[in-house]
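Reader: Hi! I'm new to this one, could you walk me through it?
Author: Happy to. Let's get it on screen.

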Amino acid sequence: MSRPLFCHWQKDIAPEIENKRKDAISALGLDLEKTIPVFDEATQTAADSLNVPICCLGILIEEEYKMKSAYGLSHLGLMNDLAISRKIPRQDAFATYVIDSSNYLTINNTLTDSFFSYSLLASQYGIVAYLGVPLITETGECIGCLEIIDTKPRQFIQTEINFLMITARWCLAEYERSIIKNSLHLNFDKKETKNKSQKDFPETECTSSTDELAIKPTPNSEKYIRELSFQLLNQLIQKLSIPLTSIIGMSSVLKQGIYGQLNSKQAEYLQIIHDSGQEMSILVDEIAKLGNVKSEVNLEYVPVDLENLGTQVLQSLESSAQNKEHTLRLSIEPGKKIWNLDREKAKKTLYYLVNTIIEGSRSGGEIHLHISHRGDILKISCRVNHPWLGEGISLEKIGLYEEVLNNKELSSNLIGDEDRLNPENTNLSNLDYDLVCLSFSAYLANLQGGSIYLQGSVESGYRFILSLPISPMD
């Protein structure tokens with residue numbers, strides 16, 4: 001096994017992961033028995049392109065791994081049970097390890113593998129070489145696996161792994177796009193039917209107030225328009241994320257020269273397209289997450305690995321940092337790393353704090369994130385160092401940052417009632433992007449019972465300190 005397995009599950013969150021997966025499968029209609037052409041195209045394309053006899057795409061539904069598409073299963077023996085039933089118990093499927101870990105798995109030779117040599121697929125069906133990659137939805141749920149199989153030993157190279165991962169992202173993104181498209185058509189058809197019914201019976205009195213709200217101005221009309229606009233924005237974000245996935249995936253395939261060698265200028269332009277697509281995808285994801293802020297007032301504490309949290313934040317900001325020619329660095333003091341926090345709020349707080357420095361600092365600096373704790377208080381230091389400006393946040397920004405951090409009214413205006421959300425009633429419309437990021441980060445820190453403050457002096461340089469209350473795991 002050339003790729004070590006790692007499952008990030010913990011007993012207390014396993015049921016939650018299972019429920020999210022089940023809901024995602026149900027929302028996409030993948031728990032129904034139906035043929036999906038794009039899945040068939042993906043399995044056949046992968047088998048032909050990688051020159052393997054067998055390729056399958058399956059979904060993990062409760063205790064069974066069900067194949068939604070399969071190519072070449074007859075190579076495992078004519079009329080074998082797997083080819084007939086198109087399903088296998090969860091504990092016997094190699095794909096289960098891929099789905100549980102949300103990562104790819106390669107097995108070059110099951111016959112010599114101390115773990116997989118005793119598996120049902122190896123002993124009964126003669127599967128020797130295996131490569132599986134996860135099927136991850138637009139919302140981040142791992143629901144299934146795209147896998148290629150050979151009946152003889154095989155060394156899988158990184159190009160083959162990348163190609164299969166791109167194919168998996170492409171086919172699922174195409175399927176999700178078709179689901180959204182069909183949903184929009186269905187809503188349109190319902191509206192047309194409703195309008196037609198109203199035209200056919202113009203004299204009929206309607207006792208429901210729903211139609212009146214839709215056509216008559218009311219005191220809540222402005223709120224209704226805002227809610228409608230918010231729903232439309234969510235739909236547009238979903239529609240935008242799907243072609244973005246295709247842009248990133250296909251540009252990645254072309255960059256590798258799978259369909260022919262590129263000259264230097266073509267490679268340069270493809271790299272720009274790929275990097276821009278990734279940055280747009282990150283921004284779209286952030287927009288989608290911000291849509292749920294108003295409902296996220298309550299704190300939900302879960303065990304959080306601080307090093308993993310910091311790594312995820314810096315990885316999500318890597319494209320933004322590269323655009324400003326910044327480098328990102330993370331360090332963490334030795335000792336206990338898993339503490340109880342509200343994971344999403346802590347992640348957002350740290351994300352927008354680091355983003356403040358990225359956007360507010362001059363290009364070419366090193367941004368250093370250091371995580372430590374003092375008792376039950378988490379301390380995260382965020383500073384920047386320039387090769388020619390020295391260490392610390394730009395002095396011309398210090399006064400503005402202090403004003404934002406000391407202005408509690410400004411922070412509270414970020415999330416409030418409808419009157420507060422009106423830009424005319426706040427000072428937010430005139431703030432630069434880095435100041436809005438800092439104010440939002442400070443609000444989230446306060447929400448968790450913590451704070452953000454500036455530490456340092458003109459001589460030694462200034463840095464941000466994020467302080468959050470934490471409690472160790474039992």
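Author: Helix H15 (residues 433–447) has 15 residues and spans 21 Å from its first C-alpha to its last, close to the 21 Å expected at 1.5 Å a residue. That expected span is 1.5 Å times one less than the number of residues. Helices (H or I, at least four residues) and strands (E, at least two) are DSSP runs, numbered from the N terminus.

Reader: Before we go on, what kind of model is this?
Author: This is a predicted model, where local features need pLDDT of at least 70, side-chain atom pairs count only at pLDDT 80 or more, and totals for chains, interfaces and linings use all residues. Residues are numbered from 1 along each chain as its sequence is written, and side-chain values use heavy atoms, with hydrogens and water left out.

Reader: New topic: in what order do the strands of the open sheet run?
Author: The six strands go S3-S2-S1-S6-S5-S4, with antiparallel pairing. Strand S3 (87–89) and strand S4 (105–107) are the edges, each pairing on one side only. From one strand to the next, the twist averages 25°. Two strands count as paired if DSSP finds at least two bridges between them.

Reader: Which helix packs on the sheet?
Author: Helix H2 (residues 37–50), which touches strand S1 (54–61), S2 and strand S6 (142–150). Contact here means heavy atoms within 4.5 Å. The direction of H2 makes about 65° with that of S2; axes are lines fitted to C-alpha atoms, for helices over the stretch in contact, and angles run from 0 to 180 degrees between N-to-C directions.

Reader: How many bridges join S2 and S3?
Author: Three, in the antiparallel sense, with S2 covering residues 64–71.

Reader: What about S5, buried or exposed?
Author: Seven of the eight residues of strand S5 (residues 129–136) are buried, so S5 is largely enclosed by the rest of the structure. With S4, it pairs over three bridges, and Tyr 130 is the bridge partner of Ile 107. With S6, it pairs over eight bridges, where Leu 131 stands opposite Ile 148. The hairpin of S5 and S6 has five residues between the strands, and Gly 140 there takes a positive phi near 95°.

Reader: Which residues touch the most other members in the largest nonpolar core?
Author: Val 354, Ile 452 and Phe 464, in a core of 44 residues. Another core, of 33 residues, lies apart from that one and includes Leu 57, Val 133, Leu 146 and Phe 163. A nonpolar core is a set of buried Ala, Val, Leu, Ile, Met, Phe, Trp, Tyr and Cys residues joined through side-chain atoms within 4.5 Å.

Reader: Last one: how many helices and strands are there in the protein chain?
Author: There are 15 helices and 15 strands. Buried residues make up 42% of the 474 residues in the chain.

Terms used. Buried means under 20% relative accessible area, exposed over 50%, partly exposed in between (1.4 Å probe, protein chains only).
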